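Hi,

Here is the structure I promised to pass on. Have a look at it first, and my notes on what turned up follow below.

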Amino acid sequence: MSRKALFLTDNNVLGDVFAANLKAYVDLHVETVDSLEGFEANAKGPWDLFISISMITEQDAAKEAYGIVKGGNKDTPFIVVGQKSELSNTSEVVTIAGNLDIKSLVKTVAGIFKISAKDMMSIEVPEHFPMPIKLFQYLDSAPCDVFVQTNKNAKAPEFAKVWEKGVIRRHVIKEYIDRGIEFLFVPAADRLKVINVASTQVVEALDNPELSKEEKLDLLEQGFEVVAARLTDNPKVSAEVVTISKKCIEQVTEVIKEFPKLKSLLAGLAENKSRYLYFHSILATYICNHVVKYISWGGEGHSEKISFVLYFHDIFLVPIYNKYPQFKFEEELVFNNLLTDKEKEVVVGHARMAGELVKTFPRVPMGADAIVTQHHGVTSGSGFTLDYRDDVSPLAKVIIIAEAFVDEIITVKDDGGTPDRTAILASLRAKFPRHTYIKIIDTLENLPI
Ligand SMILES: [Fe+2]
Ligand SMILES: [Fe+2]
């Protein structure tokens, strides 16, 4: 029978990673509790090992937990995770680092139980494929093993298993996101399985009438990730891509109407920890809708087209942003020496590629493909320009202005400031001096910020 350990930790990521890896490498079954009360209630059981994180908020959790077991289970080994407890590095306990250093964890536990390296399970390490963590939020079970990156080294990444196939701790994903985890990893060969399951779940969840507008916004981001992942894998419009993106686009158009002011939409996106591409597409959609309401040639009929265009316009940049999460603005992707030549080719051609993709979409809103192609102000869709001219379609100009406005907002926010309309509009007028663009910028004077 396999050995059992009780692990006190309020950090679910640590709990999941320790549990999955100790099970895999040394056949130790780990149960986690997240409070001292939970620990005390369970401490009596037949445990072979206790593990405790050193501190929970301000409390010396390891010391307290050790106090609880000292009476009955005196001889059971006790591991303290982290250096901050009074017990850390004393002879009474075994102390390990408070990070996700799996190698030393496994080595320590193997040492305690005198398990030889030969007896340790040999685990094949698959090639890891990044998946935005939000894709896991609606999964009931994982169709394959799931991993987390345990170091920050992009050149030599290390991974640890976080869940076995089947097990998923969907209720803790928010905590994972709060801890700054943007991606989980799956074996490259299994990536389609995950996308398939996520795709079905998102479509079903969107029909839930009880979703709040913020939840809907979050769900739509997952839909966006699914579509992007599908198209990255195979840049052809499949029936499934049509179904899910149509559904999402309809809902985007609806949900942004529920946000009376830009500020509330910004807050909703920030609360969901939305990533840049989705964040800026949704904000730009919101702003474009305002413009076409007030510009002389505009009208309600443009809404669907705008949502459609902004949903797809940067879709080919998604895998690049996934690989280089340190970048934000599209120009940054060109002027750096990290991207490979091939990746830069995609960046330069992303508008043209997206335009071609959209063209193959059934019943595409009229002219949407041309607007997608022109969204950086270049009629061919290749490259970026600083000289914004009149040879692009009027709606493309609206989108260009909206995206520029959004980038200004994001820049101000990133610097810790509050967006100021007058300053933003002044900078836009300087950047887009032509008359037709100025007219669009003028309509933003009454944008409800
Ligand atoms: Fe773009
Ligand atoms: Fe964009």
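Let me begin with the fold as a whole: of the contacts with a separation of 6 or more, 69% are between residues 24 or more positions apart. Contact here means that the C-beta atoms of two residues, placed from the backbone, lie within 7 Å.

Some housekeeping before the details. This is a predicted model, in which local features need pLDDT of at least 70 and side-chain atom pairs count only at pLDDT 80 or more, while totals for chains, interfaces and linings use all residues. Residues are numbered from 1 along each chain as its sequence is written, and chains are lettered from A and ligands numbered from 1 in the order in which they are written.

The protein has 18 helices and nine strands; these are DSSP runs numbered from the N terminus, with helices being H or I of at least four residues and strands E of at least two. Its C-alpha trace spans about 80 × 45 × 40 Å along the principal axes. Of the 449 residues, 41% count as buried, where buried is 20 or more other C-beta atoms within 10 Å of the residue's own, exposed is 12 or fewer, and partly exposed lies in between.

Now to helix 10 (residues 276-294), where Tyr276 is found. Tyr276 is partly exposed because 16 other C-beta atoms lie within 10 Å. Beyond its neighbours within four places in sequence, Tyr276 is in contact with Tyr321 and Lys328. Its C-alpha atom is separated by 11 Å from that of Asp314, 38 residues apart along the chain.

Helix 10 packs with two other helices that I looked at. With helix 9 (residues 262-271) the angle is about 165° and the axes are 11 Å apart; axes are lines fitted to C-alpha atoms, for helices over the stretch in contact, and angles run from 0 to 180 degrees between N-to-C directions. Helix 9 and helix 10 are therefore roughly antiparallel, the word for angles over 145 degrees. Leu262, Leu265 and Leu269 in helix 9 meet Phe279, Ile282, Leu283 and Tyr286 in helix 10. By class, that contact has seven nonpolar, no polar and no charged residues. For the classes, Ala, Val, Leu, Ile, Met, Phe, Trp, Tyr, Cys and Pro count as nonpolar, Asp, Glu, Lys and Arg as charged, and the others, Gly among them, as polar.

With helix 11 (residues 302-312), the axes of helix 10 come within 9 Å and cross at roughly 155°. That makes helix 10 roughly antiparallel to helix 11.

The largest nonpolar core has 130 residues, and Val17, Ile399 and Ala402 have the most contacts inside it. Such a core is a set of buried Ala, Val, Leu, Ile, Met, Phe, Trp, Tyr and Cys residues joined through C-beta atoms within 7 Å. Helix 16 (residues 394-414) gives the most to this core, with 11 residues. Ile399 touches Ala284, Cys288 and Leu310, among others.

Finally, Tyr388 sits in the loop between helix 15 (368-373) and helix 16. Tyr388 counts as buried, with 21 C-beta neighbours inside 10 Å. Its contacts, leaving aside neighbours within four places in sequence, include Ile400, Phe432 and Arg434.

Best wishes

Technical notes: Angles under 35 degrees count as roughly parallel, over 145 as roughly antiparallel, 65 to 115 as roughly perpendicular and the rest as oblique.
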